[in-house]
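Here's a walk through one protein model, meant to be read with the structure open on your screen.

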Amino acid sequence: MDAFAIAIIHEDYPNLLIAARKGSPLVLGLGENEFFLASDATPIIEFTKQVIYLEDHEMAIIKNNSLTIKNFDNLPMDPFIKQLEMELEEIEKGGFEHFMLKEIFEQPKSIADCLRGRIDSQAGRLTLGGIKDYMNQMANARKITLTACGTSWHACLVAEYLIEEFARIPVEVEYASEFRYRNPIMGMNDLLIAVSQSGETADTLAAIELAKSRGATIFGVCNVVGASIPRATHAGSYTHAGPEIGVASTKAFTAQISVLAMFALMLGHKNGQLSRERYERLLAEFEKIPALMQRCLNVQDKVSEIAGEYAGARNFLYLGRGVNFPVALEGALKLKEISYIHAEGYPAAEMKHGPIALIDEEMPVVIIVLKNSSYEKIVSNIQEVKARKGKVIAIVTEGDELVAKLADHCIEIPEVDEYFSPLLTVIPLQLLAYHIAVLRWCNVDQPRNLAKSVTVE
């Protein structure tokens, strides 16, 4: 087998249990004269806060309530016992109908936690402690490659815009599953950023090992403390989003963007591409994001009404430009994941290169149209959709009267710096997917055929 996490018992040895891992995650919880095994710490927290994260090619031998850790060469290992900081309340629904809705509403807090201790706009200071030893070589990287899967890949696409804008370093974004199966050009002066909610994504781990073999520096962005990706990278930052139970990622996505945005700002400040004035202005804007996210959540009732009109739709089209094009992809993915409605995300300008053929009175089109450099172009897209009798759901800046006259529905978000806008525009799209899925009687937290942590290739 290429990857496994197994626990073995035998009826002839009732007091012996052996657990082992290769490629897949395995966590051992230490209780009072009892042990617990799981793929991550979340189900263990109810019983104990002491855990051991087994490394690859290690096994735990539990015999008569005594524990021994060995590697596959039968050599004894000295395990590190970690004290979990999460509380049981964090993995309960807290009065919400579903974990996904709870996690959408936790985003103002999770982003505040992500920024806490890292940004001080009054002092003009931004710190990511996990990368300070590698900052010089990161700031002087020849090329930066971001790699991830699914929702994390969309966060990387947002980061591509931010890093190139703030730090002026060439960026590529790769699906981890594709990166590892080709012969990428990567060497000593390159940086690989690996992004994963769980820190156990098999394809992303394989991409890390490939890049390391080429001499690249590896920066990891992860939500789960002690997971495999943080242990495999040279440097990294945790998102501090807290446990995410719903399979369809929400707060982890915005926390990933937040960490990557901080990284982009640090990089641009370090290599001199970002002026001091703009750097300090962006830090001040960034600190406002949790409060602005809280205001975005006020649209829930309106989104719920819109969902009632389109829960029976068979297809959706999502459009965005610039830094909000990846948000269009993410909105489409959320709808697919939890409502099972076919949906596609496109750059708005690409609509006329094919997708426009699909538009008729049965096609809802979700368009992100903020008052920024692309505003007039996207307004033109709305007019094209309406000319073909399509239904337009527009995510707009507060007070936009022009789009209000054109679109069938407008969902307003507060005005924000264009490069931070994905942290706000994604919230109505998460809520829209959620409410449509509920109306279709779908299993929101555990959609069919999906897993929270994809530990197979």
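Predicted model: local features only at pLDDT ≥ 70, side-chain atom pairs only at ≥ 80, totals over all residues.

## Ground rules

A residue counts as buried under 20% relative accessible area, as exposed over 50%, and as partly exposed in between (1.4 Å probe, protein chains only).

Residues are numbered from 1 along each chain as its sequence is written, and side-chain values use heavy atoms, with hydrogens and water left out.

Helices (H or I, at least four residues) and strands (E, at least two) are DSSP runs, numbered from the N terminus. Two strands pair if DSSP finds at least two bridges between them.

(Axes are lines fitted to C-alpha atoms, for helices over the stretch in contact, and angles run from 0 to 180 degrees between N-to-C directions.)

Strand 2 (residues 13-22) is joined to strand 6 (residues 58-63) by six bridges, and Leu-17 stands opposite Ile-62 in strand 6. Strand 6 also pairs with strand 7, again antiparallel and over six bridges; there, Met-59 has Lys-70 as its bridge partner. Strand 6 and strand 7 form a hairpin with two residues between them, and Asn-64 in the turn has a positive phi of about 50 degrees.

## The parallel sheet and its helices

Next up is a five-stranded open sheet, ordered 12-11-13-14-15, with parallel pairing. Its edges are strand 12 (171-175) and strand 15 (235-238), each with a single partner strand, so one side of each is left without a neighbour in the sheet. The twist averages 20 degrees from one strand to the next.

Strand 13 (residues 190-196) and strand 14 (residues 217-222) share six bridges, and Ser-196 stands opposite Cys-222 in strand 14. Helix 6 (residues 202-213) packs on the sheet by touching strand 11 (143-148), strand 13 and strand 14, and its direction makes about 165 degrees with that of strand 13. Contact means heavy atoms within 4.5 Å. Helix 8 packs on the sheet too, touching strand 11, strand 13, strand 14 and strand 15, at about 160 degrees to strand 13.

## Helix 2 and helix 9

Helix 2 (residues 107-115) is mostly covered, with seven of its nine residues buried; Ile-111 and Leu-115 are among them. Its buried residues pack against several elements, including helix 1 (99-105), helix 8 (251-270) and helix 9 (276-287). Just after helix 2, Gly-117 takes a positive phi of about 80 degrees.

In helix 9, the buried residues are Tyr-279, Leu-282, Leu-283, Glu-285 and Phe-286. They cover an arc of only 165 degrees around the axis, which puts them on the same side of helix 9. The arc is that of the directions from the helix axis to the C-beta atoms. Tyr-279 touches Gly-124, Arg-125, Leu-126, Leu-265, His-269 and Leu-274, not counting residues up to four places away in sequence. Tyr-279 and Gly-124 are 155 residues apart along the chain, yet their C-alpha atoms are separated by 7.9 Å.

## The nonpolar cores

A nonpolar core is a set of buried Ala, Val, Leu, Ile, Met, Phe, Trp, Tyr and Cys residues joined through side-chain atoms within 4.5 Å. The largest one has 102 residues, of which Ile-163, Ile-193 and Phe-316 touch the most other members. Helix 8 gives the most to this core, with twelve residues. A second, separate core of 21 residues includes Ala-348, Met-363, Val-369 and Val-385.

Leaving aside neighbours within four places in sequence, the contacts of Phe-316 include Tyr-310, Leu-335, Ile-341, Met-363 and Ile-436.

## Back to Glu-97

Glu-97 is in the loop between strand 8 (82-83) and helix 1. Glu-97 and Val-444 are 347 residues apart in sequence and 9.9 Å apart in space, C-alpha to C-alpha.
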